Amino acid sequence: MVRDSGLRRGWTTGACATAAAKSAYGALLTGTFQDPVTIALPRGQRAAFALAGHRLADGAATASVVKDAGDDPDVTHGALIEATVRASPGGLRFRAGPGVGTVTKPGLPVEPGEPAINLAPRRMIADAIAEVAAAHGDAGDVEVEIAIPGGEELARKTMNSRLGIVGGLSILGTTGIVVPYSCAAWIHSIYSGIDVARATGLDHVAGATGATSEAAVQRHYGLTESALIDMGDFVGGMLKYLRRHPVPRVTIAGGVAKMTKLAQGRLDLHSRKGAVDLAALADVAREVGAGDAVADAIVHANTAALAFRIAEGEGLALGDAIAAAARRQAAAVVAGARIEIDVLLFNRDARLVGKAPG
């Protein structure tokens, strides 16, 4: 898969794990591995994967796929993603095999003690298992173990240990597709999106940090596809271009961590530019009524998402306060241009948890 920029797209670990699991489950039922194996991606596309290996023994079937990240500088490019499927009563269960991490701290999409297989890959695997089960009249009661040989060593090049993911890598991916990370290509796409919006007479565009917030802001305002700017982490690049090429109304939408970074003055929201300042976040919580104990819990939270959950549990309007601060930062960048800016914060479930109207 090739972008207009010429950079080749690739596949997420979640997509590779799904393909391996589907083929393995089919072999467990029929004795034959599907190769290549075709899976459904979250946005409706279908993709085929060749197997790198397979085996069937002792009541278990194992299939493997080599991760191809395209032109993205991904540490998992070339890694072997293995899925072993066994019968297991009680529905679908997930297990972390060698090289796949286990979650040990709260604040991540899956609970402590669970394999570090994110929610979107879990849904992809569950859908693939259900598809095979329906085709063969089986209940789909299986354990799916995902392994990445050498994954524990690769994980040292990631932030997994800081997040409390031990023993290996995470199985990730919201769309199944890896878009190569290229600043020049991405910034160009932002400019092009704004240009198209202006040329077609749109008076409201929205820049979102990721797929979840993009879908949420589109639903929230009923925006067309043309009004959605693939901003990613480059909020500064988008705003600076808008200052020179204004659109009357601009919405900035994102998750709580990235919007907190914007509120704290960062215009590049990528993790390599630094983490959320939890002490500063606790100070904002105090401004909206947090006591010392709650503020201390926020300072020591494992993630920004957990910090916001703590505040929400206390009935504190932390989301609105951060949205207002983020709006002030964004408005300063476009000062002098006739642009109305509003900011929306969404949690991982795409629920609105903070807003600052224009």
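This is a predicted model: local features need pLDDT of at least 70, side-chain atom pairs count only at pLDDT 80 or more; totals for chains, interfaces and linings use all residues.

Modeller: Residues are numbered from 1 along each chain as its sequence is written, and side-chain values use heavy atoms, with hydrogens and water left out.

Biologist: How is the packing of two helices described?

Modeller: Two packed helices are described by the angle between their axes and the distance between the axes. Helices are DSSP runs of H or I with at least four residues, strands are runs of E with at least two, and both are numbered from the N terminus. Axes are lines fitted to C-alpha atoms, for helices over the stretch in contact, and angles run from 0 to 180 degrees between N-to-C directions. Here, helix α9 (residues 292–299) packs with helix α10 (residues 304–313) at about 160°, their axes lying 8 Å apart.

Biologist: Which orientation do α9 and α10 have to each other?

Modeller: The scale is this: under 35 degrees is roughly parallel, over 145 roughly antiparallel, 65 to 115 roughly perpendicular, and the rest oblique. The helices α9 and α10 are therefore roughly antiparallel. Contact means heavy atoms within 4.5 Å; V294, A297 and I298 of α9 meet A307, I310 and A311 of α10.

Biologist: At what angle do α8 and α11 pack?

Modeller: Helix α8 (residues 278–287) and helix α11 (residues 318–333) pack at about 115°, with 9 Å between their axes. This makes α8 roughly perpendicular to α11. On the α8 side L281, V284 and A285 take part, meeting L318, A321 and I322 in α11.

Biologist: Why is α7 described as largely enclosed by the rest of the structure?

Modeller: Buried means under 20% relative accessible area, exposed over 50%, and partly exposed in between, with a 1.4 Å probe and protein chains only. In helix α7 (residues 256–263), six of the eight residues are buried, so the rest of the structure largely encloses this helix. Among them are V256, M259 and K261. Just after α7, G265 takes a positive phi of about 100°. Helix α6 is likewise largely enclosed, because seven of its 10 residues are buried; these include V235, M238 and Y241.

Biologist: How many aromatic pairs are there?

Modeller: Rings of Phe, Tyr and Trp (its six-membered ring) pair if their centres lie within 6.5 Å; planes under 30 degrees apart are stacked, over 60 edge-to-face, and the rest tilted. The count comes to two aromatic pairs. Y191 and Y241 are stacked, because their ring centres are 4.0 Å apart and their planes are at 15°. The pair joins distant parts of the chain, 50 residues apart: Y191 in helix α4 (residues 183–199) and Y241 in helix α6 (residues 235–244). Y191 is partly exposed at 27% relative accessible area, whereas Y241 is buried at 8%.

Biologist: Where does D58 lie, and is it buried or exposed?

Modeller: D58 lies in the loop between β4 (53–57) and β5 (60–66). With 81% relative accessibility, D58 is exposed. Although not a glycine, D58 has a positive phi of about 55°.

Biologist: Which peptide bond is cis?

Modeller: The bond from D35 to P36 is cis, with omega near 0°. P36 is placed in the loop between α1 (13–30) and β2 (37–40).
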